[in-house]
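Hi there,

Here is the structure I promised to pass on to you. Have a look at it first, and then read on for what turned up in it.

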Amino acid sequence: MSHPVANPTNIPKGNILIVDDTPANLRLLSGMLTQQGYKVRSVINGATALTAVRAAPPDLILLDIKMPEMDGYEVCKNLKADSNAQVRDIPVIFISALSEVEDKVSAFVVGGVDYVTKPFQFEEVNARVAAHLKLRRQEIELEKYNRHLEELVQAKVKEIADSQMATIFALAKLAESRDLDTGKHLERVQTFCELLATRLSRLPKYAARINSAYVEN
């Protein structure tokens, strides 16, 4: 097994959780990754891993498969089914002595992003860890950018809607100034429509279709 190259910058690169029921494997991987500048936590079983992840989600998980009580596949399935996106979206790299194609396929089916076979070369593990952490950071940045775009679009739509509504009210007031009966009629129709739509929204038949935006329109 190759030895790691030390990271002279000593700048934290990410938070990694290692899950393996063999203490020697935990010590080896933890020591090598810590030397590379990662913050590393280690646990020896699946149940503890799930607790640790939900308490403080790591940036990436290195997960063994053959463990007692709860194997790596089950751990990964639990993570990917979690309601918290911070937990659900954590990249999981399987590291296992199982080398059959079926084992690797099963790992990807339950949500793993990569698979490393033991005995491993640390350079390979290090490269894959770095690659998947970079991909995850890019995904997070893209999600933030998309949310920002969505907020800008919503603000612009509201601006246009407010402008349209101002125009409508201006026309209504203009009609009122020329013809008091017509102006009051417009206001009455507006009020009646709002009352009717609000009342309909409380009925089970229409509740899913009539929301506050519908009533406002």
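Please keep in mind that this is a predicted model. I'll begin with the second largest pocket, where helix H6 gives the most to the lining, with five residues. Helix H4 (85–88) also supplies at least two lining residues there. The pocket has a volume of about 260 Å³, and its lining counts 13 residues, with Pro58, Asp59, Gln86, Arg136 and Ile140 nearest the centre. Sorted by class, that lining has seven nonpolar, one polar and five charged residues.

Arg136 counts as buried, because its relative accessibility is 13%, whereas Glu143, at 33%, counts as partly exposed. Both belong to a network of salt bridges that links Asp89, Arg136, Glu139 and Glu143.

Now for the largest pocket, which holds about 530 Å³ of space. It is lined by 18 residues, and Met165, Gln190, Cys193, Glu216 and Asn217 lie nearest its centre. Helices H6 (122–178), H7 (180–201) and H9 (212–216) each give two or more residues to this lining, with the largest share, nine residues, coming from H7. The lining is made up of 12 nonpolar, two polar and four charged residues.

Back to salt bridges: a search of the whole structure finds 12. Here are two more of them.

- Lys118 pairs with Asp64, with their closest N and O atoms 3.6 Å apart. Lys118 sits in the loop between strand E5 (114–117) and H6, and Asp64 in the loop between E3 and H3, so this pair ties together parts that are 54 residues apart in sequence. Both ends are buried: Lys118 has a relative accessible area of 17%, and Asp64 one of 6%.
- Asp162 pairs with Lys158, and here the closest N and O atoms are 2.9 Å apart. The two are four residues apart in helix H6, so about one helical turn separates them. Asp162 is partly exposed at 41%, while Lys158 is exposed at 52%.

Pro68 and Glu102 are 34 residues apart in sequence, and their C-alpha atoms are 20 Å apart in space.

Enjoy exploring!

Best wishes

Definitions and conventions. Residues are numbered from 1 along each chain as its sequence is written. This is a predicted model: local features need pLDDT of at least 70, side-chain atom pairs count only at pLDDT 80 or more; totals for chains, interfaces and linings use all residues. Side-chain values use heavy atoms; hydrogens and water are left out. On a 1 Å grid over the protein atoms alone, a cavity is a set of points where a 1.4 Å probe fits but cannot get out, and a pocket is an open set with protein on both sides within 12 Å along at least five of seven lines; lining residues have an atom within 4 Å of a point. Grid points are joined across faces, edges and corners, and a volume is the space filled by probe spheres set on the points. Ala, Val, Leu, Ile, Met, Phe, Trp, Tyr, Cys and Pro count as nonpolar, Asp, Glu, Lys and Arg as charged, and the others, Gly among them, as polar. A salt bridge is a side-chain nitrogen of Lys or Arg within 4 Å of a carboxyl oxygen of Asp or Glu. Buried means under 20% relative accessible area, exposed over 50%, partly exposed in between (1.4 Å probe, protein chains only).
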